[in-house]
Structure formats: C-alpha cells, structure tokens
Amino acid sequence: MKYISTRGKAPALTFEDTMLTGLASDGGLYVPEVMPKMTKDEIAALRGLSYEEAAFRVMRPFVGDTFTDEEFKAIIARAYAGFGHAARAPLVQLDSNHFLLELFHGPTLAFKDFAMQLIGQLFQAALKRRGERVTIVGATSGDTGSAAIEAFKGLDNVDVYILYPHGRVSEVQRRQMTTPSEANVHALAVDGDFDDCQAALKDMFADADFRTGVKLAAVNSINWARVLAQVVYYFTSAVSLGAPDRKVSFTVPTGNFGDIFAGYVAKQMGLPIDRLVVATNQNDILHRCLSGQGYHKGPTHPSISPSMDIQVSSNFERALFDAYGRDAAAVAQLMDELKQGGFDVSQGAMEALRESFDSGRVSEAETSETITETLKASAELICPHTAVGVKVANDQRVPEVPMITLSTAHPAKFPAAVEAATGIHPPLPPAMADLYERPERVTRISRELAVLKDHIRGQIPA
Ligand SMILES: *Cc1c(COP(=O)(O)O)cnc(C)c1O
C-alpha cells in the first residue's frame, strides 16, 4: 500500500511515513495510490460488530505492513476506550428517515476525537519502535486543537504546539486547550484568524530547515490517518440502516472538507452512498464552488459555528485530484492560482464533483432557528454546527433515501449559541464539570512566521 501526492512531485510513501509526514514535501496531500475496495459481503459482515472490530476491518487494508493485526487491534482499542458511549458513534432518529450520527462522545466532545485519539496511539506506537521524537504543530479553529492536546498529552515521543486564533474559539474549546498541565503540550493564541494559523503552518512545512530541525509532523485534517479514522463511522452507520442492500445519504457540516472527504472515500471503497451533501455556514466557498461559481477566497466571517469558519478547505484538494482524473500537474496549477485568490473549475471536473456532492449554505439566523426548531420537533438539543447540517439535510433530503446528518459536537461545547436559541444552558458531562475551575496556561503570540518558528525552536527539549 503506497500513498502518492496530489501535486505529483513528492516521493510515494508507506502508511507509516505518510502518517508521520502529514503534508507532502511538494505542498500536496497524500492519497492512496489505489483505493482498496470492500465487497458487498464484507460490508454486510460489519452488521452488529463492535465499533472497534468494524474499524479494524475497514482500515486494515490502508495500513499495509506498518502494524501487525494484533498491534493495530490494540491501537484501536486504546484509541476508543475513553469514549463515553458503548456504540462510540450512536445513531438517533430525528424524523422519518432522518438520523443524527452522534460523533461527540469522545473526551473533547467533538468528532475530531475519532481521528485524533487514533492518531495519538498510531504515533506513539510507530515512534517508540523507531526511537524517535517529533514536534507536532497544528492549526485549529477550536476543536482540532483540543482533540490533539487531549490525545497527545503526556505521551513520551511527541511535543505538541497548537496555533489557534485569539478570541475566536469558544471558552470551552479554549479551556480544553489551555488547562492540560502536561509539559509536552502548548497552546499558542495567535493574533489573526484561522486562515492565518493554517497559512503559518503550511509555511513551516515549506521551510525544509525548520521542518527537519524540529522534526515537524502535522495532525491537521490533511493527515491521511485522520481522514482514514473518519471513514469508519460512515460504514457503521450506513450498515445499521440497511447497507449494502439499501443506499443512504449523508449531510456533513463542513469546514476543511476532511469529514466529508472521508465519506467520499467510503463511497470509493464500495459503500453504496447516494448523496454526500456539503453543509456550510456563511463562510460558503465550498457551496459557491459546487454551485459552479469557481473557488475564490473571500474574507472569513466569524459565526456561531466557528469550527467551520474557513475559506480555504485544505482537503478539497484531494477531491479535485480525483475530479481532474488524478492529473497532479493540473492540481499544482490550481493551487498556484489559489495563492493569487482563486480558480475556476473545469467543466469535466465540475461534472465529476457533482456525481458525488451536493451542497447548501446556512445563514446565522437559520442556524439559530434550526436549533430552536429541532428541540421543539424532536426534543434533541443540537450544537450550531450540527444545526447547519440539519437545515441543509431538511432542505435536500428525499423521502425514499435515509439521510444521516453528522452531529459533529456536543451542545455544551457551544453553550452561548445553544442558550440564545433555546433558553437552555447545556451542561458539560460529569467528567468535565470542573473545566472552568482548572488553571489555564497559554502563550499569546504574533502571526509572524519568524516569531512562531523562534518560539517553537526555543522550546524544543535538547
Ligand atoms: C472541524 C469541525 C467541523 C468541520 O469538519 P471538517 O472536517 O473541517 O470539514 C464541523 N463541526 C465541528 C464541530 C468541527 O469541530
């Protein structure tokens, strides 16, 4: 099993090296050279299995020789042991043929725990064997950072620096990043927005001296292992609603296109998915693009669903790579144009994208209304990101095909928006009840690349 870069100029790598490298050295993203397939019988055989066993069967072909079956099973078991629900990703019914896939039962209450808890264990196992230590730098709009700090805190072979936009994450998100006391995790509050944080991260990777000097690794949603972890719950949820004998559709609250791209991978592997619906908030570059208006950056507008306040959706490059018939030179050209502000998608590529993806955009008022309406209609308290998904799903679903909307965070992670819409202050689960009493530790820092690099270099243990 080999992985190749979407820009065609980086070496093909094994699963282990792809995971430890993150972003390819040519600036591209790694994708499997050949997509593994599951037969109808193999998919049907997932019915009734534990989440961990299903995860093993779905992910095994991607891992190649990196781990033995026993090692990989142990990694998966450790990754999901801390989840607060036996099903890990339970489905609840919202309406006839409309289901919520609850992805917020992990330690930081958002779906990113699925990928990050797994990647923490994968890194630990691989680095221990190699006798190496790496520096993980991540950029976050809130949930990635808390999930990463939670997954890597206290691990022996990893230092973690998380860049988040100062003042633009929720208080729960911030406290989840700033309260862990383990010395190997560091929260950096950057004066800028999420796109500034993400751009700084990309530039650090582009600097070969810095990259090798600190042994830089990335666990942002560009990391293939993260996408892979998220493929699993598309299978488990579809199978519990009748796949592979019945098609299902998914609506996914989308920012960086990582979660929905995992659904696309599941489809490529053979899971019968009818539609994959991209739901955006007012930061709607993906909706505009999928509506045929090209991919052109605008300013980021802060919203009540801040984990989706993104203008450049990194993982979209992977979808473009396939839509352009895996033409790496064409993708490299588009990404050059993006640096100047944007690009138009060719007609052939648009048709390819539309074969799998639909999209919708939700305003701030609609998001809030959907939280209110969903509580009234179904007695479910949902977070604002999930509300963006529910609104688009309600607009676009067809009665014959079950729609699964991904519920990406627990309402208590975004209490202000939920309380404004419903009058209910959603309580934190008991394990986190003292979050507001724990002392915080954070460095406020400029978005200047040189300042960020010096800070990270200066703190690496000798
Ligand atoms: C990260 C995040 C999203 C967006 O997921 P992408 O993979 O970036 O598209 C949606 N909702 C929540 C709660 C998130 O944390």
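Q: Which side chain does Glu132 meet in a salt bridge?
A: The side chain of Glu132 meets that of Arg130, with N and O 3.5 Å apart, where a salt bridge is a side-chain nitrogen of Lys or Arg within 4 Å of a carboxyl oxygen of Asp or Glu. This is a predicted model, in which local features need pLDDT of at least 70 and side-chain atom pairs count only at pLDDT 80 or more, while totals for chains, interfaces and linings use all residues. Residues are numbered from 1 along each chain as its sequence is written, and side-chain values use heavy atoms, with hydrogens and water left out.

Q: Which residues are linked with Arg130 in a network of salt bridges?
A: The network links Arg130 with Glu16, Asp17, Glu71, Arg129 and Glu132.

Q: How many salt bridges does the count come to?
A: By this rule there are 30 salt bridges. Among them, Asp284 pairs with Arg288, with their closest N and O atoms 2.9 Å apart, and Arg438 meets Asp434 at 2.6 Å, N to O.

Q: Is Asp284 buried or exposed?
A: Asp284 counts as buried, at 11% relative accessibility. In the other pair, Arg438 is partly exposed at 29%, and Asp434 is partly exposed at 35%.

Q: Switching to the ligand, which residues come nearest?
A: Lys112, Asp143, Gly255, Asn256 and Thr408 come nearest, out of 15 residues around the ligand, where a residue is near if one of its heavy atoms lies within 4 Å. By class, this shell has 5 nonpolar, 7 polar and 3 charged residues, with Asp, Glu, Lys and Arg counted as charged and Gly among the polar ones.

Q: What lies 2.8 Å from a nitrogen atom of the ligand?
A: A polar side-chain atom of Thr408 does, which falls under polar contacts, meaning a pair of N or O atoms within 3.5 Å. Ligand oxygen atoms also take part: one is 2.3 Å from a side-chain N or O atom of Asp143, and one is 3.1 Å from a polar backbone atom of Phe257.

Q: How much of the ligand does the protein bury?
A: Taken alone the ligand exposes 380 Å², and the protein buries 98% of that, with areas from the Shrake-Rupley method and a 1.4 Å probe.

Q: Which cavity is the space taken by the ligand?
A: The ligand takes up the largest cavity, a cavity being a set of points on a 1 Å grid over the protein atoms alone where a 1.4 Å probe fits but cannot get out, and a molecule sits in one if more than half of its atoms lie within 2 Å of its grid points.

Key
A polar contact is a pair of N or O atoms within 3.5 Å; within protein, one must be able to donate a hydrogen and the other to accept it, and residues adjacent in sequence count only if both atoms are side-chain atoms. On a 1 Å grid over the protein atoms alone, a cavity is a set of points where a 1.4 Å probe fits but cannot get out, and a pocket is an open set with protein on both sides within 12 Å along at least five of seven lines; lining residues have an atom within 4 Å of a point. Buried means under 20% relative accessible area, exposed over 50%, partly exposed in between (1.4 Å probe, protein chains only).
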